[in-house]
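The structure comes first, then the details.

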Amino acid sequence: MAIEIPKNLDELPTTRPRYVGRGIRRVEDVGLLTGRVEFVDDVVLPRMLHCAILRSPFPHARITGVDTQAAEALEGVAAVVTGEDARRWSLPAQSSPEGWGTHCIAGDKVHYVGEPVAAVAASSRRVAEDALELIEVDYEPLEPVADPFKAMKPESPQVLDAQETNVMLDRVFTWGDVDGAFAEAAHVFQEKFRWNRLGANPTETFGCISEWDPMSLDLTIHGSIQSPGMFGLGRAATFSLPSNKVNIISHAHGGSFGGKGGTRGCDISCLLSRKVDGRPVKWIEDRGEYLLSGGGQAWDRHYEVALAVDAQGIVSGLKVGLVDDLGATGEAYGAISAAKPLAAFTGPYTIPVAQYDLKLVATNKLPCGPYRGMGPPPHFFVLEQMMDIAARSLGEDPAEFRRKNFIPADQFPYTIASGNEYDSGNYGEVLDQVLALSDYSALRAAQVEARAEGRLVGVGVANAIEPGVFDWNAYAIVGMPGTGVPEGATVNIDILGNATVRVGFSLEGQGQYTLVCQLVADYFGYEPENVRVVQLDTQSAPPSFGPGGSRLGVAITGAVLGACERIREKMARVVAVLMQSEPENIEFMDGKFTLKGAPGAEMTVAEVAGTMLARSDLLPPDIDPRPEATHVWTAAGRTPADEEGRAKSYLTAAHAVHIVQVEIDPETGMVEIQRYCLADDCGTRLNPDTVEGQTEGSVVQGIGAALLEEYVYDEDAQPLTTSFMDYLMPTVFDAPKLEMVAVETPSPFTPLGAKGCGEGAIHTTPAAVMCAINDALAPLGTSAREVPAAPMRLWKLIKEARERASDENNNY
Amino acid sequence: MKSAPFEYVAPSTISGVLEILGQNDPDEVKLMAGGQSLMPLLNMRLSRPALVLDLGRVADLDFIRETDQGVVIGAMTTKRAVEDSELILREHPLFWESTVAIGHPPIRNRGTVGGSMAQADPASEYPAVALVLEAELVAVSARGERTIPADDFFVTYLTTCLEPDEVLTEIRIPRLAPRTGWAFQEVARRHGDFAIVGATATLGLEAGVAVEPRIAVFGAGDRALRFPSAESLLAGQPATDEVIDEVAAQVAAAVEDPLDDAHASADYRRHLAGVLVGRVLREAAVRAAEASTGA
Ligand SMILES: Cc1cc2nc3c(=O)[nH]c(=O)nc-3n(C[C@H](O)[C@H](O)[C@H](O)COP(=O)(O)OP(=O)(O)OC[C@H]3O[C@@H](n4cnc5c(N)ncnc54)[C@H](O)[C@@H]3O)c2cc1C
């Protein structure tokens with residue numbers, strides 16, 4: 001009997017799902033919120049040492065000498081490592097486009113402020129930091145380059161010695177007759193945009209404890225690691241170890257959002273452990289290190305965009321030029337952020353042809369890493385500004401202009417110009433819902449009144465596609481072939497009928513353990529309390545990629561339901577034997593196996609499990625007596641990229657429309673968000689509360705992007721925002737009240753019809769807030785093309801617009 | 001991020017404090033109040049004292065008292081205590097208002113009034129309010145006690161006129177003239193942040209004419225600034241929009257060398273100083289007018 005993973009809620013073996021699809025209380029929250037689960041910094045191992053890292057104060061300098069003698073002599077210091085150790089025992093980072101990785105500790109030269117130049121293992125972190133002050137490094141400063149346009153010029157300082165240019169990639173992807181579309185267009189709109197560098201800031205920064213056994217050469221790493229499986233493969237590659245020699249024990253952690261890179265610090269602690277004969281070495285990245293040199297900076301982008309529109313107001317072509325400043329070296333998969341927009345390049349629109357002129361450039365800034373959304377949020381920021389520019393110029397309402405360009409609901413699955421296939425959608429319905437929720441026409445009427453009083457009130461309508469359930473094939477185009485993204489789960493029923501599910505990813509806060517409990521409970525007719533989720537280390541767990549690319553909810557649903565199906569199938573055979581029938585005659589519903597046509601002949605899952613384990617002697621020899629099964633789920637039908645980068649990459653396409661009302665104080669440039677409404681469609685909502693929570697958090701991060709967050713570097717590539725005094729994340733006080741409504745268009749391609757939704761609103765929020773701001777500024781004839789829309793920037797725009805206006809008046 | 005090694009003492013009397021300061025090179029000693037500014041400096045190793053002298057156990061530095069002249073606040077009084085004080089809310093609503101604009105509750109739970117005055121952050125609320133309220137700050141040392149007008153206390157960026165061996169013990173805030181209007185406003189990137197620029201003012205109104213206006217701005221210059229010439233421009237004038245705009249423009253012009261950083265350029269700060277002074281003067285005038293009609 002083949003297993004079949006239920007494609008929608010009706011296919012679950014239950015009369016009516018009692019848990020899936022409902023917002024049940026999350027099983028993981030108590031431990032996470034009280035801090036009683038074991039975070040990595042709670043772990044104390046025998047003979048453990050503590051690592052501190054010495055970092056470069058220069059953005060670009062030759063290292064002519066490193067003297068570690070005095071540090072080594074300090075009481076409590078066990079070892080010091082430098083670039084020499086890194087070159088002896090490790091390879092350059094493998095998580096970069098080929099040839100653009102560097103060693104975890106600088107060798108002859110430093111490439112950015114904060115790059116490690118040496119590290120100490122000592123009896124305490126304090127002693128280790130004392131020792132850092134005793135290390136003498138001789139630097140010969142070199143001219144730095146902080147601007148990617150300068151970096152592209154032949155006379156620019158060269159960031160990496162191993163390369164002859166600062167351009168990591170320079171490629172134009174063309175999908176269809178773009179030149180023709182622009183030549184024939186009734187209107188062409190062009191604009192430049194700047195998205196400043198920002199990024200993830202999880203509550204807990206990265207941390208690890210590394211133990212490198214000198215006899216077996218096994219490497220064991222405890223850590224707060226987002227993707228333990230991938231992380232293990234990466235360390236194996238870096239240290240030239242067979243992948244089965246590396247074991248990753250990931251602890252519950254305080255968020256990630258992609259920012260838990262930490263590979264450099266981890267590799268350094270591994271080198272130290274090797275140097276001290278395998279003693280465990282703990283490195284806890286502190287917030288200063290995180291902000292200066294962690295894995296959390298992303299998307300430092302300069303865009304030049306053109307939109308072709310025909311006489312009917314239908315968008316007929318899109319050109320996006322992107323200069324993506326990736327910082328000093330490629331690492332931590334930052335480069336793939338520029339590739340991911342291909343999964344939804346033309347957004348929710350029917351735009352038939354498009355072009356992507358992509359340049360990945362190195363400068364003397366911190367290498368960019370991943371951040372929630374992984375690249376599309378800035379892309380949608382520019383696309384949605386272009387839609388508004390077109391609508392405004394053609395005198396059309398921004399909501400209706402978008403609507404007439406939507407992919408119609410009856411056209412799915414729909415293949416977009418850049419090659420990905422959208423599974424399903426009902427964009428008009430999502431728009432209608434949020435228009436009604438916000439009472440859009442009343443918002444517009446209020447705006448007319450406010451404008452009459454001279455107030456700068458604006459309404460933004462923006463939407464975006466959230467590509468969900470990623471696959472590595474999308475990323476090959478930036479020179480980063482991947483390893484595949486399996487997700488496995490092992491479901492085990494014990495002799496009393498209780499279930500344990502073993503997984504390979506750790507608690508991060510998104511509620512996947514709860515989802516697992518919901519799924520098993522509804523599948524077997526259990527209560528969630530009968531289900532326990534256990535995370536295993538990477539050498540014991542089923543294959544797992546973990547959270548990332550809005551995939552885990554869908555992927556773990558597939559894995560758990562697949563394992564449940566396998567158990568059901570096995571149990572049906574057992575029941576058939578016990579009831580002296582054939583498996584085809586055994587039915588399973590609401591937790592009971594019944595024999596067709598024999599009322600009263602039934603066994604519960606617990607009874608079957610108990611019988612299998614207690615009386616395995618009764619089973620035929622070809623039946624494995626363990627009521628346990630593992631299923632490994634991967635997305636079906638993904639294709640390799642063609643010569644223009646086109647691939648079926650992300651499996652699902654969620655959609656959302658946000659409507660935001662803002663008011664700008666014209667004298668200070670401060671923006672107040674007065675209303676925030678959204679409708680979103682991520683298919684079947686497996687746990688609506690979790691979706692809401694993810695949406696709320698993501699809206700707030702999007703507001704941070706639109707208004708607050710920015711890693712500032714000066715012209716000499718010195719970072720100016722190295723603490724939370726200067727890097728401004730939104731707090732609860734900056735979060736508006738959210739009004740939300742859901743639309744559910746199930747995916748035909750996924751277990752239960754769910755779509756990826758974990759990255760969510762950050763795809764739409766920056767665009768929506770900026771649309772609102774530009775709507776407010778429109779009467780002044782100016783607009784903001786740079787995020788964040790910091791008050792100083794807006795004040796300047798307003799001032800210049802008013803000066804222009806008064807000059808014009810004076811001229812008449 | 002761990003501090004360099006230091007010794008730690010926590011005496012329980014002021015004389016104990018002075019004794020320890022006498023036994024050590026005062027330049028090597030750091031007084032610690034709530035630690036909200038000092039601890040980050042220690043942990044980032046930007047401050048490396050040999051000895052940290054914790055004032056947290058010193059008796060009689062944590063109080064809010066009413067006297068004939070006004071209100072006296074002990075240096076070790078937390079902002080939280082100020083926030084909870086009915087006396088402050090009644091007698092000095094301006095001081096109360098500026099208190100709740102400082103950081104967030106956890107910071108106010110530990111941070112002290114004296115610590116903020118001694119820290120003299122140019123973007124801090126208290127120094128500016130101390131200027132317009134014409135507060136006096138009392139310091140003791142082995143050499144005796146001295147009373148310092150707020151005007152003389154704040155010298156420049158993170159610097160007061162306190163000598164290294166002096167301890168700030170209390171802040172005296174004289175009672176305002178009856179029916180004085182007041183206002184306090186700031187522009188900060190987020191709720192609870194240090195201000196980019198803030199302004200505060202007090203002002204009386206007699207028959208629509210401004211009496212004894214006082215104006216201070218913070219976050220614009222190297223310290224909280226008061227503007228005597230702008231004040232005299234306003235004094236005796238009707239508090240009309242026109243006059244207030246002129247006064248605000250004069251303040252903006254008078255800010256010397258405005259701070260310039262990643263979040264706010266010198267230009268922008270100067271502009272905000274003018275905008276906010278205009279706003280606080282208007283608001284203070286409304287309060288003063290209400291107080292006169294109410295009386
Ligand atoms: C997240 C955050 C946000 C903040 N936001 C604001 C804000 O918006 N506005 C604002 O004004 N402040 C803000 N602060 C600073 C806060 O108000 C501090 O509490 C204050 O600046 C110092 O007070 P303290 O009691 O903590 O002093 P400490 O940090 O203990 O000491 C500060 C300095 O004063 C000296 N000192 C302390 N007491 C005495 C004394 N009695 N005699 C002589 N010298 C003394 C110390 O030696 C030290 O140099 C913020 C702080 C944080 C952490």
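Which polar backbone atom is 3.5 Å from an oxygen atom of the ligand? The atom belongs to B:Phe194.

## Basis

This is a predicted model: local features need pLDDT of at least 70, side-chain atom pairs count only at pLDDT 80 or more, and totals for chains, interfaces and linings use all residues. Residues are numbered from 1 along each chain as its sequence is written, chains are lettered from A and ligands numbered from 1 in the order in which they are written, and side-chain values use heavy atoms, leaving out hydrogens and water.

## Ligand contacts

A polar contact is a pair of N or O atoms within 3.5 Å. B:Gln36 places a backbone N or O atom 2.7 Å from an oxygen atom of the ligand. B:Ser116 uses its side chain: an N or O atom there is 3.5 Å from a ligand oxygen. Taken alone, the ligand exposes 970 Å², and the protein buries 89% of that. These areas come from the Shrake-Rupley method with a 1.4 Å probe.

## Ligand shell

The shell holds 29 residues, each with a heavy atom within 4 Å of the ligand. B:Leu31, B:Gly35, B:Thr112, B:Ser124 and B:Glu125 come nearest. Strand E2 (29–32), helix H7 (113–119) and strand E10 (167–174) of chain B each give two or more residues. H7(B) gives the most, with four. Helices (H or I, at least four residues) and strands (E, at least two) are DSSP runs, numbered from the N terminus.

By class, the shell has 13 nonpolar, twelve polar and four charged residues. Asp, Glu, Lys and Arg count as charged; Ala, Val, Leu, Ile, Met, Phe, Trp, Tyr, Cys and Pro as nonpolar; the others, Gly among them, as polar.

## Largest cavity

There are three cavities of 30 Å³ or more. A cavity is a set of points on a 1 Å grid over the protein atoms alone, where a 1.4 Å probe fits but cannot get out; lining residues have an atom within 4 Å of a point. The largest holds about 180 Å³. Its lining has 20 residues, with A:Gly262, A:Ser293, A:Gly294, A:Gly295 and A:Glu331 closest to the centre. H8(A) supplies the largest share, three residues. The lining counts eight nonpolar, eight polar and four charged residues.

## Second largest cavity

This cavity holds about 140 Å³. It is lined by 18 residues; A:Glu466, A:Ala656, A:Asp680, A:Gly760 and A:Ala761 lie nearest its centre. E26(A) gives the largest share, four residues. Nine lining residues are nonpolar, six polar and three charged.

Conventions: 1 Å grid on protein atoms, 1.4 Å probe; cavity = no way out; pocket = protein on both sides within 12 Å on 5 of 7 lines; lining within 4 Å. Points joined across faces, edges and corners; volume = space filled by probe spheres on them. Polar contact = N/O pair within 3.5 Å; in protein donor to acceptor, adjacent residues only side chain to side chain.
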